[in-house]
Amino acid sequence: MKSNKNFNFLFATTLLHLVLLCYSHSVHESEAIQSILKRLDSKKPSPTEQESAARGVLQRLLPTHLSSFAFKIIAKCFIHSNGQSRIKGTTAVDITSGLHWYLKYWCGAHVSWDKTGGVQLGSVPSPGSLPLVKDEGVMIQRPVPWNYYQNVVTSSYSYVWWDWERWEKEIDWMALQGVNLPLAFTGQEAIWQKVFAEFNITKNHLNDFFGGPAFLAWARMGNLHGWGGPLTQNWLDKQLMLQKKILFRMLALGMTPVLPSFSGNVPAALKTIFPSANISRLGDWNTVNGNPQWCCTYLLDPSDPLFVEIGEAFMLQQIKEYGDVTDIYSCDTFNENSPPTNDPMYISSLGSAVYKAMSKADKDAVWLMQGWLFYSDSSFWKPPQMKALLHSVPFGKMIVLDLFAEVKPIWKSSSQFYDTPYIWCMLHNFGGNIEMYGILDAVASGPIDARVSKNSTMIGVGMCMEGIEHNPVVYELMSEMAFRGDRLDLQEWLTEYSRRRYGKSVKQVETAWKILHRSIYNCTDGIADHNTDYIVKFPDWDPLINKQRDAREFVKRHGLVGMQPNRRFLLHETSPSLPQPHLWYDNRDSISALKLFLDAGDELAGIPTYRYDLVDLTRQSLSKLANEVYLNAIYAFRHKDAQALSSHSLKFIQLIKDIDKLLATDDNFLLGPWLESAKGLSLNADERKQYEWNARTQVTMWYDNTEYEQSQLHDYGEPGFLLRLLELFVFVKTRSPLIFFKLWTSANKFWSGLLEKYYLPRASMYFTRLLRSLNENKKFELLEWRKEWIAYSNEWQAGVEAYPVKAQGDALAVAEELYHRYFA
């Protein structure tokens with residue numbers, strides 16, 4: 001097919017033939033991709049089954065209008081109406097995304113996750129009164145064939161406690177957004193249990209291999225083992241059944257699921273059972289003291305014949321359980337695990353072995369690989385090494401995810417991944433954190449720039465966030481980019497977005513969104529550690545310590561000198577000031593936007609989407625104020641001003657209480673649902689206790705600790721995608737006194753209940769000891785504070801206190817009260 005870069009995407013007045021591949025490629029590559037598409041199409045259900053699945057989405061979304069729409073699977077995608085809106089598409093996903101487009105742009109409706117306000121369908125006219133599509137209809141096409149969704153850690157940060165009811169809603173959301181290439185990682189431990197049994201690995205061996213439910217993603221990647229486990233047979237069986245339901249629904253909607261494959265991560269017992277196998281023990285991944293009970297997993301080298309044998313067995317077991325449902329498989333053997341040599345020939349042989357394990361079971365297998373390693377470990381993956389890996393498989397058998405393209409696009413610096421097809425992805429979120437953040441301009445322009453660039457090898461767009469259910473504006477825009485062939489007017493789009501999201505045109509919030517666009521949603525500094533507010537990322541440090549010496553000792557103690565760049569750090573130029581959290585905009589802008597939101601309260605107070613945004617924006621503004629208050633308190637301590645320290649610390653404590661009170665007014669900012677959903681999956685008291693501990697630990701201490709040292713991953717974070725060690729090496733090399741270095745983790749949760757019962761006691765303990773050290777003229781006892789705090793944290797993690805699952809209070813009234821208290 002010919003490319004059609006100049007196609008006018010919006011609202012064509014005549015029907016056009018669907019152009020699946022709308023990008024510039026060599027004939028050879030176009031044929032390869034077309035071959036994959038044709039083969040995958042053959043695995044899809046019948047048109048009748050897909051039409052029925054699309055009607056199911058409509059029935060769950062808008063049951064009153066079930067007879068208002070007619071769906072038809074054809075070879076073209078378009079919408080037209082004549083009394084009844086007829087939506088036609090090549091798959092059920094194309095139909096449902098067409099439905100969504102019609103509801104958005106003809107009816108002013110809005111669809112977002114329940115936890116970000118849910119749907120706004122009040123603007124949809126009654127049946128029989130739906131607006132007509134003019135002329136012969138509207139053509140909607142994908143400029144690239146694939147719309148990818150998920151990250152390998154989303155399964156733990158967001159999906160871990162989901163039942164089928166929640167998964168059904170998510171798959172509906174995917175279908176409406178046009179997602180046709182979703183990752184499907186649920187239940188793989190049950191597959192591995194059956195596979196490893198063939199290699200004499202017992203359930204007891206696996207108890208030390210699998211992580212607990214909330215930590216499975218990192219056990220799968222070989223970062224840890226055993227932590228939070230063991231997994232019960234009940235968990236394994238239920239997750240496998242859940243995966244089968246997930247796959248059945250994805251397939252019914254015409255999606256192509258991406259299944260896991262073997263990356264080399266193996267139980268320790270395999271080394272004993274196969275002593276001659278080339279199995280290496282990996283290094284420590286963020287334990288406090290290198291505790292082998294949790295760290296230092298085992299990796300089977302892809303060059304070993306056993307690798308292919310196990311990989312093939314895993315693939316065949318999946319096919320046995322699920323059927324022949326896909327040809328696309330995810331594998332990230334080399335992510336944060338560089339090969340032992342940079343010899344291109346050796347790297348090529350490793351890549352070939354990884355693919356062989358897939359292709360022996362599925363001759364048409366396509367390897368989907370995250371391209372993060374080419375950025376995070378760029379000192380190793382130079383052009384010869386990149387080419388060796390990317391070209392180690394037959395052409396058209398590898399697809400790369402340009403994982404962080406909205407900030408660090410690799411396609412620009414790699415000759416389009418050296419002619420390998422890739423998907424332009426937005427990562428956006430690290431760790432499922434709650435923070436208003438985004439780069440809307442990059443999202444709106446990046447995929448188009450990549451697609452129309454010279455010799456482009458882009459074949460899709462994707463969303464690879466580590467956690468979901470936040471920043472709905474970012475995800476609605478990114479989802480649309482799967483269907484946008486030309487640039488859009490972002491200011492106009494945001495105005496329309498505001499009208500859809502709240503169901504009406506309200507001048508104040510439309511103006512507020514213009515402010516938010518140029519401030520909160522305009523982070524262009526390239527720093528991804530944007531969730532570092534002191535309330536939820538309380539610094540574990542002595543304010544009087546020599547900053548340069550502290551950095552050197554940290555580097556020495558953790559053996560960082562000479563390491564490959566595979567950990568994410570946040571460094572601050574702080575001389576002579578204190579370390580600052582990441583702030584990429586003027587907080588006065590968010591306060592101005594907040595005032596406009598409050599002014600619109602009389603018109604919008606009863607609308608859930610408005611309430612969510614109001615609470616989130618108020619929380620954002622107050623948390624940035626709390627950062628200033630914290631720094632003032634530390635400044636007072638350094639200058640031995642006990643009165644000022646007392647005043648600022650009391651204000652900081654009060655801010656935590658007030659933010660907790662604010663968050664309690666909206667169901668979507670509560671700790672209770674997270675804990676109750678975990679307990680709800682349990683079969684007995686032991687599972688209930690284990691699941692609750694997993695849920696509490698993941699959002700707080702996260703990983704192991706000693707009596708005096710917190711987990712390196714405390715405050716719900718993980719350094720899974722690693723950004724700033726380059727700056728650390730600069731520090732190590734130059735010993736610059738202008739740089740203070742502190743390990744920050746990547747995620748946090750602003751949840752009512754968590755603030756009051758966890759973050760508030762921590763701050764109180766810390767400030768109490770600071771004040772006591774001034775009043776008694778004694779050195780601040782950092783270790784004693786750590787001991788006190790860690791003991792409290794461990795006790796809280798093991799607790800069973802129930803937290804509210806329903807909101808209390810009036811969000812608008814509380815937000816107005818706090819605005820006048822702190823900002824008026």
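1. Let's start with helix H17 (residues 472-480). In this predicted model, H17 lies across S5, strand S14 (422-426) and S15, and runs at about 160 degrees to S15.

2. Two of the strands under discussion are partners. Strand S5 (residues 146-149) and strand S15 (residues 458-463) run parallel and are joined by four bridges. If you want a spot to look at on screen, take tyrosine 149: its bridge partner in S15 is methionine 463.

3. Now zoom out to the whole sheet. S5 and S15 belong to an open sheet of eight strands, with parallel pairing and the order S6-S5-S15-S14-S13-S12-S11-S7. Strand S6 (181-182) and strand S7 (259-260) stand at the edges; each has a single partner strand, so one side of each has no neighbour in the sheet. As a reminder, strands of a sheet pair through backbone hydrogen bonds, either parallel or antiparallel.

4. Helix H5 (residues 164-177) deserves a look too. H5 has 14 residues and reaches 20 Å from its first C-alpha to its last, close to the 20 Å expected at 1.5 Å a residue. Just after H5, glycine 178 takes a positive phi of about 90 degrees.

5. How many of the residues of H5 are buried? The count is 12 of 14, so by the under-20% cut-off for relative accessible area H5 is mostly covered. The buried set includes three tryptophans, Trp164, Trp167 and Trp173.

6. Helix H14 (residues 383-390) has its own buried set: Gln385, Met386, Ala388, Leu389 and Leu390. What covers these residues? The cover includes helix H12 (344-359), strand S12 (366-370), helix H13 (373-376), strand S13 (398-402) and helix H15 (415-419). S12 and S13 also sit side by side in the order of the eight-stranded sheet.

7. On to the cysteines. A search of the whole structure finds one disulfide, and that disulfide joins cysteine 295 to cysteine 296, with S to S at 2.5 Å. The angle about the S-S bond is -60 degrees, making the link left-handed. Both cysteine 295 and cysteine 296 are buried.

8. Why does cysteine 331 count as buried? Because its relative accessibility is 2%, and buried means under 20%. Cysteine 523 also counts as buried, because its relative accessibility is 2%.

Conventions
Residues numbered from 1 in each chain as written. Predicted model: local features only at pLDDT ≥ 70, side-chain atom pairs only at ≥ 80, totals over all residues. Heavy atoms only, no water. Disulfide = S-S within 2.5 Å. Buried < 20%, exposed > 50% of the residue type's maximum accessible area, 1.4 Å probe, protein only. Contact = heavy atoms within 4.5 Å. Expected span 1.5 Å × (residues − 1). Pairing = 2+ DSSP bridges. Axes fitted to C-alpha atoms, helices over the stretch in contact; angles between N-to-C directions.
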